[in-house]
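The entries below follow the order in which I went through the model.

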Amino acid sequence: MAAGSEGGTVEQAKEVCLRLLAVRARSRAELARRLAARGYAPEVSERALDRLTEVGLVDDAAFAEQWVHSRHTFSGKGKQALAQELRRKGVAQSDAVSALAGITADDEESRAADLVRRKMRSLPRDLDHDKAVRRLVGMLARRGYSQSTAYRVVKAALADQGVESDLIDPID
């Protein structure tokens with residue numbers, strides 16, 4: 001539904017938000033952007049979003065917690081990538097920090113190790129050692145893991161495979 005230049009009513013804006021929320025959880029900023037794109041006046045959007053917030057359907061803190069848990073657990077995203085995703089979704093820094101605090105260094109290292117083990121199974125057996133290291137570290141970097149975590153996890157995974165590595169942790 002494309003609203004005209006005067007936009008739509010608060011009730012129509014709430015309906016749009018409810019349809020969007022039925023698909024997946026969204027941040028307040030995401031909903032505001034979608035309403036603006038449909039031509040709703042800012043004051044109409046604010047009133048609709050305020051009402052949805054009052055009844056608990058829009059909650060950026062809960063959204064951030066759910067997003068971080070889901071993306072870390074199922075997509076293997078690291079804290080850096082998750083922080084960036086939350087910023088893009090318009091989540092307040094305080095809500096993002098709180099949600100990211102739920103991922104401990106051990107959680108992140110464990111998830112990175114799982115990703116490396118899975119990736120190592122698909123690497124060619126005759127792949128050059130340095131090339132394998134670059135691929136594994138690069139894969140973790142793209143998923144938002146710190147350089148030090150990536151090197152530490154890859155070094156440990158190679159040691160588990162019986163491959164001695166002269167990898168030097170870039171932070172050492």
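Entry 1: I started with Ser45, which counts as buried because its relative accessibility is 5%, under the 20% at which the buried class ends. I keep in mind throughout that this is a predicted model. Ser45 belongs to helix 3, which runs over residues 42-54. When I set aside the neighbours within four places in sequence, I found Ser45 in contact with Leu35 and Tyr40.

**Entry 2: Leu31.** Which residues does Leu31 contact, leaving aside its neighbours within four places in sequence? I found Cys17, Leu20, Leu21, Arg26, Leu49 and Val58 in contact with Leu31. Leu31 sits in helix 2, residues 28-37, and is buried, with a relative accessible area of 0%. I also looked up its distance to Leu18, 13 residues apart from Leu31 along the chain, and the C-alpha atoms of the two are separated by 9.7 Å.

**Entry 3: helix 1 against helix 2.** I next took the pair formed by helix 1 (residues 10-23) and helix 2, whose axes come within 10 Å and cross at roughly 125 degrees. That angle makes helix 1 oblique to helix 2, and the crossing of the two is right-handed. From helix 1 I noted Ala13, Val16, Cys17, Leu20 and Leu21, which meet Leu31, Arg34 and Leu35 of helix 2. By class, the residues of this contact of helix 1 with helix 2 divide into seven nonpolar, no polar and one charged.

**Entry 4: helix 4.** In helix 4 I listed Asp60, Phe63, Ala64, Trp67, Val68 and His72 as buried. They cover an arc of only 140 degrees around the axis, so they are placed on the same side of helix 4. His69 and Phe74 are exposed on the other side of helix 4. I noted that the cover over the buried residues of helix 4 includes helix 2, helix 5, helix 6 and helix 7.

**Entry 5: helix 6.** Turning to helix 6 (residues 93-100), I found Ala96, Ala99 and Leu100 buried. Their arc around the axis is only 95 degrees, which puts them on the same side of helix 6. The buried residues of helix 6 pack against helix 4 (60-75) and helix 5 (79-88).

**Entry 6: helix 4 against helix 7.** The axes of helix 4 and helix 7 are 10 Å apart, and the two helices pack at an angle of about 35 degrees. I saw that His72, Thr73, Phe74 and Ser75 in helix 4 meet Asp107, Glu108 and Arg111 in helix 7. How many residues of each class are in the contact of helix 4 with helix 7? I counted one nonpolar, three polar and three charged.

**Entry 7: Glu108.** Glu108, found in helix 7, counts as buried at 11% relative accessibility. Not counting residues up to four places away in sequence, Glu108 touches His72, Gly78, Lys79, Ile103, Gly144 and Tyr145. Glu108 and Lys77 are 31 residues apart in sequence, and I noted a separation of 8.7 Å in space, C-alpha to C-alpha.

**Entry 8: helix 7 against helix 9.** Glu109, Ala112, Ala113, Val116 and Met120 of helix 7 make the contact with Arg152, Val153, Val154, Ala157 and Leu158 of helix 9. I recorded the classes in the contact of helix 7 with helix 9 as eight nonpolar, no polar and two charged.

Notes. Residues are numbered from 1 along each chain as its sequence is written. This is a predicted model: local features need pLDDT of at least 70, side-chain atom pairs count only at pLDDT 80 or more; totals for chains, interfaces and linings use all residues. Side-chain values use heavy atoms; hydrogens and water are left out. Helices (H or I, at least four residues) and strands (E, at least two) are DSSP runs, numbered from the N terminus. Buried means under 20% relative accessible area, exposed over 50%, partly exposed in between (1.4 Å probe, protein chains only). Contact means heavy atoms within 4.5 Å. The arc is that of the directions from the helix axis to the C-beta atoms. Ala, Val, Leu, Ile, Met, Phe, Trp, Tyr, Cys and Pro count as nonpolar, Asp, Glu, Lys and Arg as charged, and the others, Gly among them, as polar. Axes are lines fitted to C-alpha atoms, for helices over the stretch in contact, and angles run from 0 to 180 degrees between N-to-C directions. Angles under 35 degrees count as roughly parallel, over 145 as roughly antiparallel, 65 to 115 as roughly perpendicular and the rest as oblique. A crossing is left-handed if the near helix is turned anticlockwise from the far one by less than a right angle, and right-handed if clockwise.
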